[in-house]
Amino acid sequence: MRLIPVLTAVCVSAFLYFVVVERDRLAAFAGNGAPEATPAETTEAETETQTVSASNQSSAIGVVAVKSEARTIDSAVVLRGETEADRQVEVRAETSGLVISEPLRRGTHVTAGQELCRLDVGTSAAVLAEAKARLLEAEARIPSAQAAVAEAEARLEEAKINDNAARKLSEGGFASSTRVASTAASVRAAEAAIQSATSGLESTQAGIESAQALVAAAEREVDRLTMTAPFAGLLESRTAELGSLMQPGSLCGTVLRLDPIRVVGFVPETDINRVQEGSLAGARLTTGQEVSGQVTFVSRSADPQTRTFRVEVTVPNEDLSIRDGQTAEIVISADGAQAHFLPQSSLTLNDEGTLGVRVVEEGNIVAFKAVDLLRDGTDGIWVGGLSENANVIVVGQEYVIEGVEVAPTYQEATQ
């Protein structure tokens with residue numbers, strides 16, 4: 001019964017002997033069936049070579065890289081924005097009065113010049129009639145004023161003839177100096193009469209202009225009693241209720257024009273030079289609807305708080321399916337660029353805080369390359385700034401630095 005433990009102890013002792021003392025021979029026997037040379041038989045040069053090789057293999061860090069090839073992409077400018085009505089105005093009262101028109105419901109389509117609100121005429125009609133009567137009265141004075149001017153001119157002509165005759169008679173000794181002085185005074189009196197008549201005519205004409213101004217003001221006041229749509233569009237709010245009292249500045253209604261409609265976004269100053277008026281653009285609304293149009297406005301002044309520039313894209317909206325204030329993702333076409341499609345996790349920062357990737361160059365040496373983000377998506381990003389072909393480290397880039405040697409394992413690039 002005690003024989004089995006003894007045999008077991010003998011086998012274990014033999015195994016430990018070969019593992020500890022004769023491990024080289026045991027390894028050679030397991031590998032090729034031939035015994036290895038003893039350590040004493042290994043030359044010093046071979047030992048040094050094996051040591052260097054083992055050291056190099058142990059110092060290289062394993063990483064995973066992709067062999068990426070640059071592709072030409074449409075480097076569109078992507079930004080978020082919202083829709084805006086092409087035109088929007090709040091129609092407000094310019095005078096006071098009671099509303100005597102029936103209100104229009106919100107959402108009603110109105111045409112340019114269509115009546116929205118009408119106020120009670122009140123005393124405006126009487127004021128207009130009085131102004132017109134004064135105008136007629138002023139115009140009636142014109143003939144008498146003109147006749148007075150003509151009469152004064154005739155008297156002046158008669159006075160000049162009498163004065164001329166008196167002077168000639170005085171030269172021949174047939175008229176006294178008193179008569180000459182009298183005719184000269186008559187001439188001056190006639191000239192004064194002409195000036196007075198002319199002044200009366202001008203006063204009459206001024207009265208006409210004043211009366212015309214009163215008539216125009218009264219007519220304008222009457223026109224203000226009716227508020228109309230300045231352009232065709234939709235009523236965003238219900239117009240003023242019947243019987244309500246309106247004061248100057250009171251809101252009658254809000255009119256929107258949604259065809260065409262504008263999609264407005266704000267471009268950062270780093271990308272503003274890539275956006276030009278007339279460029280093709282598209283937008284995707286939160287409802288999933290996709291529309292296209294052209295860039296019609298690029299701001300020349302940046303927002304003082306965000307340092308971004310306003311960009312407007314005009315989009316047709318004949319069926320009015322796009323509403324004012326919807327959120328949209330805007331894509332503006334720009335010149336094509338060479339780019340690499342990489343996973344987002346491959347991006348890293350160097351010691352200076354520059355965004356880039358780490359690549360494997362000749363001799364399996366790591367190098368850092370700064371990149372520019374061109375476009376992003378759910379499955380990766382497009383970056384520029386790399387050479388046409390690059391071995392980009394996608395796993396382990398955070399554990400290596402520039403200049404170290406790595407042992408890369410390559411995987412297929414997904415583009």
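The charged end of K67 sits over the ring of Y410, 4.7 Å from the ring centre; the criterion requires NZ of Lys or CZ of Arg within 6 Å of the ring centre and within 35 degrees of the ring normal. The model is predicted, so that local features need pLDDT of at least 70 and side-chain atom pairs count only at pLDDT 80 or more, while totals for chains, interfaces and linings use all residues. Residues are numbered from 1 along each chain as its sequence is written, and side-chain values use heavy atoms, with hydrogens and water left out.

**Exercise 1.** Determine where A229 lies, and whether A229 is buried or exposed.

*Solution.* Step 1: A229 belongs to the loop between β7 (226-228) and β8 (233-235); strands are DSSP runs of E, at least two residues, numbered from the N terminus. Step 2: A229 has a relative accessible area of 2% and is therefore buried, where buried means under 20%, exposed over 50%, and partly exposed in between (1.4 Å probe, protein chains only). Step 3: beyond residues up to four places away in sequence, A229 touches V110, T111, A112, G113, Q114 and L116, a contact being heavy atoms within 4.5 Å. Step 4: A229 and V110 are separated by 119 residues in sequence, yet their C-alpha atoms are 7.0 Å apart.

**Exercise 2.** Classify the accessibility of P260 and list its contacts beyond four places in sequence.

*Solution.* Step 1: strand β10 (residues 251-268) contains P260. Step 2: P260 counts as partly exposed because its relative accessibility is 26%. Step 4: P260 and I322 lie 62 residues apart in sequence and 9.7 Å apart in space, C-alpha to C-alpha.

**Exercise 3.** State how many aromatic pairs there are and describe the geometry.

*Solution.* Step 1: rings of Phe, Tyr and Trp (its six-membered ring) pair if their centres lie within 6.5 Å; planes under 30 degrees apart count as stacked, over 60 as edge-to-face and the rest as tilted. Step 2: the count is 1 aromatic pair. Step 3: F341 and W382 form a tilted pair, 5.0 Å centre to centre, with 55 degrees between the planes. Step 4: this pair links distant parts of the chain, with F341 in strand β15 (residues 336-342) and W382 in strand β20 (residues 381-384), 41 residues apart. Step 5: both F341 and W382 are buried.

Notes
Helices (H or I, at least four residues) and strands (E, at least two) are DSSP runs, numbered from the N terminus.
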